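Open the model in your viewer and keep the selection tool ready. Each stop tells you what to pick and what to look for.

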Amino acid sequence: MIEIVPVMLFILGWHPDKPGEIDFQRVEVIFTSPEKCEAEGVKIASRMTLAASDKSGATYQHRCMDIPAVEEFEAAYDFDRSPAK
């Protein structure tokens with residue numbers, strides 16, 4: 001059995017006239033491997049940086065992160081699964 005860990009892609013942008021501010025976007029696609037996410041992230045961030053180069057001068061980078069399993073969310077937020085009384 002092959003385990004697939006879904007991966008989310010985030011794009012982060014920095015504008016030279018707005019120090020300390022970050023434009024943070026999640027791409028609305030889920031990837032089936034970190035390699036696919038990385039390849040798409042490079043393309044998107046490069047394209048966005050190029051498009052902004054003669055306008056705002058913003059630069060963009062990408063980050064790929066595994067989507068946590070349901071059990072991790074439950075443990076992190078200590079969900080009580082008991083029926084309401």
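**Before you start**

This is a predicted model: local features need pLDDT of at least 70, side-chain atom pairs count only at pLDDT 80 or more, and totals for chains, interfaces and linings use all residues. Number residues from 1 along each chain as its sequence is written, and note that side-chain values use heavy atoms, with hydrogens and water left out.

**Stop 1: the sheet**

Show the cartoon. Helices (H or I, at least four residues) and strands (E, at least two) are DSSP runs, numbered from the N terminus. Find the open sheet of 3 strands, in the order S2-S1-S3, with antiparallel pairing. Strands S2 (23–31) and S3 (59–66) are at the edges with a single partner strand each, so one side of each has no neighbour in the sheet. From one strand to the next, the twist averages 25 degrees.

Now select strand S1, residues 7–14. S1 runs antiparallel to S2, and 6 bridges join them. Two strands pair if DSSP finds at least two bridges between them. Strands of a sheet pair through backbone hydrogen bonds, either parallel or antiparallel. Pick Gly13: Asp23 in S2 stands opposite.

**Stop 2: the helix on the sheet**

Select helix H1, residues 34–52. H1 packs on the sheet and touches S1, S2 and S3. Contact means heavy atoms within 4.5 Å. The direction of H1 makes about 160 degrees with that of S3. Axes here are lines fitted to C-alpha atoms, for helices over the stretch in contact, and angles run from 0 to 180 degrees between N-to-C directions.

**Stop 3: the core**

Which residues make up the largest nonpolar core? Select Val7, Leu9, Ile11, Val27, Phe31, Cys37, Ile44, Ala45, Ala52, Ala58 and Tyr60, 11 residues in all. Such a core is a set of buried Ala, Val, Leu, Ile, Met, Phe, Trp, Tyr and Cys residues joined through side-chain atoms within 4.5 Å. Buried means under 20% relative accessible area, exposed over 50%, partly exposed in between (1.4 Å probe, protein chains only). S1, S2 and H1 each give two or more residues to this core. H1 gives the largest share, 4 residues.

**Stop 4**

Show Phe10 in strand S1 and Phe24 in strand S2, 14 residues apart. Rings of Phe, Tyr and Trp (its six-membered ring) pair if their centres lie within 6.5 Å; planes under 30 degrees apart count as stacked, over 60 as edge-to-face and the rest as tilted. Here the centres are 5.1 Å apart and the planes are at 20 degrees, so the pair is stacked.

**Stop 5**

Pick His62 in strand S3. His62 is buried, with a relative accessible area of 15%. Its side chain makes a polar contact of 2.8 Å with that of Glu38. A polar contact is a pair of N or O atoms within 3.5 Å; within protein, one must be able to donate a hydrogen and the other to accept it, and residues adjacent in sequence count only if both atoms are side-chain atoms.

Next, find Ser33 in the loop between S2 and H1. The Ser33 side chain reaches the backbone nitrogen of Lys36 at 3.1 Å.

**Last stop: helix H2**

Select residues 70–77, helix H2. How many of its 8 residues are buried? The count is 0. Just after H2, Asp78 takes a positive phi of about 50 degrees.
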